[in-house]
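Me: Hi! Could you walk me through this one? I'd like to start with how the chains meet.

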Amino acid sequence: MEPADATGVSPLAAAGPRRRFGDRVFSNLAVAAGVTILGLLGGVALFLLIESLPAVGASPAQLPGGKSLVDYIAPLAFGTVLAATIAVLIAVPLAVAVALFISHIAPRRVVLVLGFLVDLLAAIPSIVYGLWGIFVLGPAAVPVLEWLEQKLGFIVFFKGPASATGRTMLVASLVLAVMILPIVSAVCREVFSQTPRKLQEGALALGATRWEMIRMTVLPFGKSSIISGSMLGLGRALGETMAVTIILSVSGIVTFNLISQANPSTIAANIALDFPESSGLAVNTLIASGLVLFAITLVTNLAARAIISRQNIQ
Amino acid sequence: MQTSVDIPPLLAAPAGGSLWRRKLVNRVMTGLVVLAFVLALIPLFSLLYQVVSRGLPGLDWEFLTGTPRGVVGGGGAAHAIVGTVVITAVTSIISVPIGIMAAIYLTEYGGKGRLRRWLTFFVDVMTGIPSIVAGLFAFALFAIFLGPGIRLGLMGSVALSVLMIPIVIRSSEEVLKIVPNHLREASYALGTPKWRTIVKVVLPTAFAGLVTGVMIAVARIVGETAPLLVTTGIVDSINTNPFQGRMQNLAVYAYSEYRTPGVMKQASYDRAWAAALTLIAIVMILNLVARLVYRRYRTEIR
């Protein structure tokens, strides 16, 4: 009647529950679920790698467009990073303001409702954002694009000629910005509301206005959350597919011009557009580009998580 | 009297300028923050308004019960509604047990072990996998064994599981964590084995939270398009068997109606909007019911 292995078990657990047959089955099931998940993640990398190998070994003539794999993926990677970067630049200031508004400025009574509204933005399926972008936002943006071309045409981003349909990089990035805003603002809100009360009340007691209090306590306290939130948003924007697929009119070129009809595609949008009609090596090529996307988002997310965990330790 | 409070010079100096100026800055910045918030919500309201006003005309009996009629277009989305239900159900059957068991591992068995730390870390990584990559993974997995032309409802469900499992784990872990320890200890004190304690004490206490988490996870994947585009394909007829033949959910239906409209272009677009409206309605209802379930049935934990 000796207790089953008591090594490494906390005294309470060793004294309390007795390990029986059911216990072993159940704990093994739980461990199995955990291992399954690790296996799944490893499987994602492994199977993508296996299926993209044929494209790596193939000669350029066999690949779509007759270009080498690197030449095929590079413009797509450029478009992916460009769209996501602009989206983050637009979304982050707005997201920080939204987070501040909900955590420090809005009346207490409406905070729950406002939080729900912002979360709703995250719940809307990306296909709906795509339809909204091409049928509503795109046409509405045309006059703005023309104005940008006329007044700011000397900047490389707005060289034009302005698109007549609104299916441009700027509009696509704008939609991406709306889509990632809730994630960025959720991360910021979480940390902003944890700013020590002592600091905030101390600042107010010294006569600071509310904005000065925010600037001197909340923002410095939440600085790393703004950075990590932006990177999580960046990761999301890099991999977002449908909105870009529908909105962007692509031509495979590399350009910083954000308002014209000819735009670089993104990796994800290119897969969604070409995959259904592809076969043979073209499929392997697309999967290879997917692997590159996986690697880019992985690095971005790991960096974001590293920043978050360091901030938790402090 | 009140307005003439003296500002300590130390604070007044770095903050810059007179009290009047500082108050103005305060006003302006507050105004900007409020403006940014309003700006952020404009897309939400515009989108909801457009989806409802453009989607309602197409949302009729034919849309809900018919299937597409060849190249002419027309018909309805019954096949996509069936597809949505089947794909989502199979995804949940795969994801919910794995997700909840993994959460049980993390909160009840993991302790501070290495597997636990790895798992926590990789679940975070998993939440960042782009949906299209999850789709490619499922395709690669099945293509290796069944050939490159394969398209199945099950493949779509595997792809969506990659997206759903981490969401289920995160939410389940949260609610299992807040089950108070004294409940577990009371159960142990009565001589109950650990697994019976989990099944009879921990899970029932957390039940409302678990249901809420699962519903929100379902809402997250029910409108996915990209991973299904590369795994379940596009199809025009009703298919209820996830193990055979192509399948389509409402999101893919909306996309294909937009992408390859029939002869009557506008009618196709109307159906795309109707599908979008149906999707948003499903997502909203899931979110609202999830919140209500939590409010109504959660166990009061003191």
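Me: Before I go on, what sort of model is it, and how is it numbered?
Reply: This is a predicted model, where local features need pLDDT of at least 70 and side-chain atom pairs count only at pLDDT 80 or more, while totals for chains, interfaces and linings use all residues. Residues are numbered from 1 along each chain as its sequence is written, and chains are lettered from A and ligands numbered from 1 in the order in which they are written.

Me: Which helix of chain A crosses H2(B), and at what angle?
Reply: Helix H8 of chain A (residues 210-221) does; its axis and that of H2(B) come within 7 Å and cross at roughly 75°. Axes are lines fitted to C-alpha atoms, for helices over the stretch in contact, and angles run from 0 to 180 degrees between N-to-C directions.

Me: What does that make the pair, in words?
Reply: H8(A) is therefore roughly perpendicular to H2(B), a label that covers angles of 65 to 115 degrees.

Me: Which residues make that contact?
Reply: From H8(A) they are A:Arg210, A:Trp211 and A:Glu212, and from H2(B) they are B:Arg22, B:Val25, B:Asn26, B:Met29 and B:Thr30. By class, the contact of H8(A) with H2(B) has 3 nonpolar, 2 polar and 3 charged residues.

Me: New topic: what are the domains of chain A?
Reply: Chain A has domain 1 (1-57) and domain 2 (65-313), with bounds from an automatic or database domain assignment. Their C-alpha centres lie 36 Å apart, and the contact takes 7 residues from domain 1 of chain A and 9 residues from domain 2 of chain A.

Me: And in chain B?
Reply: Chain B is divided into domain 1 (2-55) and domain 2 (61-297), with C-alpha centres 39 Å apart. There, 4 residues of domain 1 of chain B are in contact with 5 residues of domain 2 of chain B.

Me: How many residues are in the largest nonpolar core?
Reply: It has 188 residues, and those with the most contacts inside it include A:Val128, A:Leu131, B:Phe137 and B:Ala276. A nonpolar core is a set of buried Ala, Val, Leu, Ile, Met, Phe, Trp, Tyr and Cys residues joined through C-beta atoms within 7 Å.

Me: What does B:Ala276 touch?
Reply: Leaving aside neighbours within four places in sequence, B:Ala276 is in contact with A:Ile127, A:Val128, A:Leu131, B:Val51, B:Gly55 and B:Ala254.

Me: Last one: is A:Leu238 buried or exposed?
Reply: A:Leu238 counts as buried because it has 27 C-beta neighbours inside 10 Å; the cut-off for buried is 20 or more other C-beta atoms within 10 Å of a residue's own, placed from the backbone, with 12 or fewer for exposed and partly exposed in between. A:Leu238 lies in helix H9 of chain A, residues 223-239.

Technical notes:
Two residues are in contact if their C-beta atoms, placed from the backbone, lie within 7 Å. Helices (H or I, at least four residues) and strands (E, at least two) are DSSP runs, numbered from the N terminus. Angles under 35 degrees count as roughly parallel, over 145 as roughly antiparallel, 65 to 115 as roughly perpendicular and the rest as oblique. Ala, Val, Leu, Ile, Met, Phe, Trp, Tyr, Cys and Pro count as nonpolar, Asp, Glu, Lys and Arg as charged, and the others, Gly among them, as polar.
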